[in-house]
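User: Hi! Could you walk me through this fold? I'd like to hear about the sheet, the packing and the aromatics.

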Amino acid sequence: MKSILCGLFFVLLSISSACGQIVKPEVFEFGKTLTEIKTQVTPLSDSISVRLIEEIQLPTAQKSQSQLDIYGFVFEGKKRNVELIFADDQLDIVWILTEAEEEKEFITAFTKQFGNPTHKLESITFFVNDGAAVRNQPHEVLFISERLKGPYKQWLDSQH
């Protein structure tokens, strides 16, 4: 049964890639706690580390902001480093580090999925209504939680 499920998982992944869809890995479920995600992602990565971010920057964090750094997590067919940001112990941001030559590919895929970007700045192309972006310095794909869409949209609108 386990091999059937694994096979189905890989079929679903290939269908997703074949259709040009770029999706946030399900293991990074917004709202889950650091402990929950750390437990789930440990067997899927080479190593992980946790750090407390002393200066709270997210508008969703009132008490604490922490980061789970994941090394060697497979996303879009390659092992990658991932940074998960937690506000008051709830996952709010997923940064997946990519390579420079992949930037246009990710922007094209998101444009096919979501339509034109809502915001284009020098360093980032944002699809804020869909909670996704592509950053070029450093090269990353970003996913944000539903509760961050409003504050991000407000900040992005102020940049024009």
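Analyst: Happy to; we can go through the sheet, the helices, the cores and the ring pairs in turn. Keep in mind that this is a predicted model.

User: Great. What order do the strands of the sheet come in?

Analyst: The order is S1-S2-S3-S4-S8-S7-S6-S5, which makes an open sheet of 8 strands with antiparallel pairing.

User: And which strands stand at the edges?

Analyst: Those are S1, residues 47-52, and S5, residues 119-120. Each has a single partner strand, so one side of each has no neighbour in the sheet.

User: Which helix packs on S1, S2, S3 and S4?

Analyst: That's H2, residues 34-41, and its direction makes about 20° with that of S2. Helix H3, residues 103-114, lies across S2, S3, S6, S7 and S8. The angle between H3 and S7 is about 160°.

User: Let's zoom in on S2 and S3. How many bridges join them?

Analyst: There are 9 bridges between S2 (residues 65-75) and S3 (residues 78-87), and the two strands run antiparallel. As for who faces whom, Ser66 stands opposite Phe86 in S3.

User: I spotted Asp69 there. Is it buried or exposed?

Analyst: Asp69 lies in S2. The residue counts as buried because its relative accessible area is 6%, under the 20% cut-off.

User: Which side chain does Asp69 make a polar contact with?

Analyst: With that of Arg51, at 2.9 Å. Beyond residues up to four places away in sequence, Asp69 touches Ser47, Ile48, Ser49, Arg51, Val82 and Glu83.

User: Switching topic: which residues touch the most other members of the largest nonpolar core?

Analyst: Phe28, Leu84 and Phe143 do, in a core of 25 residues. The elements giving two or more residues to this core are H2, S2, S3, S4, H3, S7 and S8.

User: What is Leu84 in contact with?

Analyst: Setting aside neighbours within four places in sequence, Leu84 contacts Phe28, Ile37, Ser66, Gln67, Leu68, Ile70, Leu91, Ile93 and Val94. There is also a second, separate core of 16 residues, with Ile53, Ala87, Trp95 and Ile124 among them.

User: Now the rings. How many aromatic pairs does a search of the whole structure find?

Analyst: It finds 7. One of the pairs is Phe110 with Phe143: the ring centres are 6.1 Å apart and the planes stand at 90°, so this pair is edge-to-face.

User: Are Phe110 and Phe143 buried or exposed?

Analyst: Both are buried. Together with Phe114 and Phe127, Phe110 and Phe143 form one aromatic cluster.

User: What about Phe126 and Tyr152?

Analyst: Phe126 and Tyr152 form a tilted aromatic pair, with 5.5 Å centre to centre and 50° between the planes. Phe126 is in S6 and Tyr152 in H4 (residues 146-158), so 26 residues separate two distant parts of the chain that the pair links.

User: What are their relative accessible areas?

Analyst: Phe126 has 2%, and Tyr152 has 18%. Both values are under 20%, which means that each residue is buried.

User: Last one: which residues of H4 are buried?

Analyst: Leu148, Lys149, Tyr152 and Leu156 are the buried residues of H4. The buried residues of H4 pack against S4, S5, S6 and S8.

Conventions
Residues are numbered from 1 along each chain as its sequence is written. This is a predicted model: local features need pLDDT of at least 70, side-chain atom pairs count only at pLDDT 80 or more; totals for chains, interfaces and linings use all residues. Side-chain values use heavy atoms; hydrogens and water are left out. Two strands pair if DSSP finds at least two bridges between them. Helices (H or I, at least four residues) and strands (E, at least two) are DSSP runs, numbered from the N terminus. Contact means heavy atoms within 4.5 Å. Axes are lines fitted to C-alpha atoms, for helices over the stretch in contact, and angles run from 0 to 180 degrees between N-to-C directions. Buried means under 20% relative accessible area, exposed over 50%, partly exposed in between (1.4 Å probe, protein chains only). A polar contact is a pair of N or O atoms within 3.5 Å; within protein, one must be able to donate a hydrogen and the other to accept it, and residues adjacent in sequence count only if both atoms are side-chain atoms. A nonpolar core is a set of buried Ala, Val, Leu, Ile, Met, Phe, Trp, Tyr and Cys residues joined through side-chain atoms within 4.5 Å. Rings of Phe, Tyr and Trp (its six-membered ring) pair if their centres lie within 6.5 Å; planes under 30 degrees apart count as stacked, over 60 as edge-to-face and the rest as tilted.
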